[in-house]
Structures are given as C-alpha cells and as structure tokens.
Amino acid sequence: MDLSTLGVTTAEQVADLLDVVSEANVRIAAEADRIVNSRVAVSQATVDRLTQLADHLRPGAAARVQLSTLDPSLLLAGTSVWLKRRRRCTDSAVARAHARWAG
C-alpha cells in the first residue's frame with residue numbers, strides 16, 4: 001500500500017506509518033551490522049546490497065516526512081496505537097528481541 005498518497009486522518013494510519021519507519025530502521029541497522037562484520041566491507045556485493053537497501057528505505061523516508069506534518073495530538077494517538085501493537089507482538093523471546101532492537 002502506498003501511504004504517500006493517502007490523507008492520514010486516523011491513529012491507525014499513523015501507526016501504519018510508524019511501522020514503515022520502524023521496518024526501515026531495522027533494515028538499515030541489519031545492513032550496517034553486516035558491513036561492520038564483513039571482512040571485505042567494500043565490494044560489489046556490498047554496493048549491490050546498499051543499492052537494494054536504498055530502495056527499501058524510500059518508503060520509510062516518505063513515511064517520516066508525512067509524520068513530520070501531522071498534528072501533534074494525532075501523532076500521539078497514533079504512537080499509542082503503534083506501541084499497543086508492538087506489545088501484542090512480544091509474546092516470544094524472538095518477538096521481544098525484535099521489538100527491542102527494531103527502533
């Protein structure tokens with residue numbers, strides 16, 4: 001779903017945008033870890049992964065722009081919905097680890 005074309009008017013939509021930003025944060029952190037732990041940080045494979053990463057980060061950047069234009073009360077309400085969603089997803093150790101490090 002292309003959130004950039006939608007008018008954000010509900011807390012649920014704000015939570016969706018926050019999910020997009022969070023996913024972008026997870027992707028960039030994971031790639032940074034791969035590069036740091038790589039014996040050959042500068043390689044064609046790294047360049048290819050970074051090019052793909054840029055494509056995956058664009059929705060997060062667009063979502064962040066949308067979030068920056070929202071009314072603070074709507075942003076706060078959406079953040080509350082987003083946090084409740086994250087709490088529901090933390091039933092397992094894997095989910096708790098992902099929630100903690102996802103941003």
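Here are some friendly notes on the predicted model above, point by point.

1. **Ground rules.** Because the model is predicted, local features need pLDDT of at least 70 and side-chain atom pairs count only at pLDDT 80 or more, while totals for chains, interfaces and linings use all residues. Residues are numbered from 1 along each chain as its sequence is written, and side-chain values use heavy atoms, with hydrogens and water left out.

2. **Helix 1.** This helix covers residues 11-37; helices here are DSSP runs (H or I, at least four residues), numbered from the N terminus. The expected span is 1.5 Å times one less than the number of residues. Among its buried residues are Val14, Leu17, Leu18, Val21 and Glu31, where buried means under 20% relative accessible area, exposed over 50% and partly exposed in between (1.4 Å probe, protein chains only).

3. **Helix 2.** The buried residues of helix 2 are Thr46, Leu53, Gly60, Ala63, Gln66 and Leu67, and they pack against helix 1 and helix 3.

4. **The core.** The largest nonpolar core has 13 residues, and those with the most contacts inside it include Val8, Leu18, Leu67 and Leu74. Such a core is a set of buried Ala, Val, Leu, Ile, Met, Phe, Trp, Tyr and Cys residues joined through side-chain atoms within 4.5 Å. Helix 1, helix 2 (44-68) and helix 3 (72-88) each supply at least two residues of this core, with the largest share, six residues, coming from helix 1. Beyond its neighbours within four places in sequence, Val8 is in contact (heavy atoms within 4.5 Å) with Gln13, Val14, Leu17, Gln66, Leu70 and Leu74.

5. Six salt bridges turn up in a search of the whole structure; each is a side-chain nitrogen of Lys or Arg within 4 Å of a carboxyl oxygen of Asp or Glu. Glu31 is buried, at 5% relative accessible area. Its partner Arg34, with the closest N and O atoms 2.7 Å apart, lies three residues away in helix 1, about one turn of the helix. Glu31 also meets Arg49 in a salt bridge of 2.8 Å, N to O. That pair links distant parts of the chain, with Arg49 in helix 2 and Glu31 in helix 1, 18 residues apart.

6. **Asp16 and Arg85.** The closest N and O atoms of the salt bridge between Asp16 and Arg85 are 2.9 Å apart. Asp16 is in helix 1 and Arg85 in helix 3, so this pair ties together parts that are 69 residues apart in sequence. Asp16 is partly exposed, at 26% relative accessible area.

7. **Thr46.** Finally, have a look at Thr46 in helix 2, which is buried with a relative accessible area of 5%. Not counting residues up to four places away in sequence, Thr46 touches Ile35, Val40 and Ala41.
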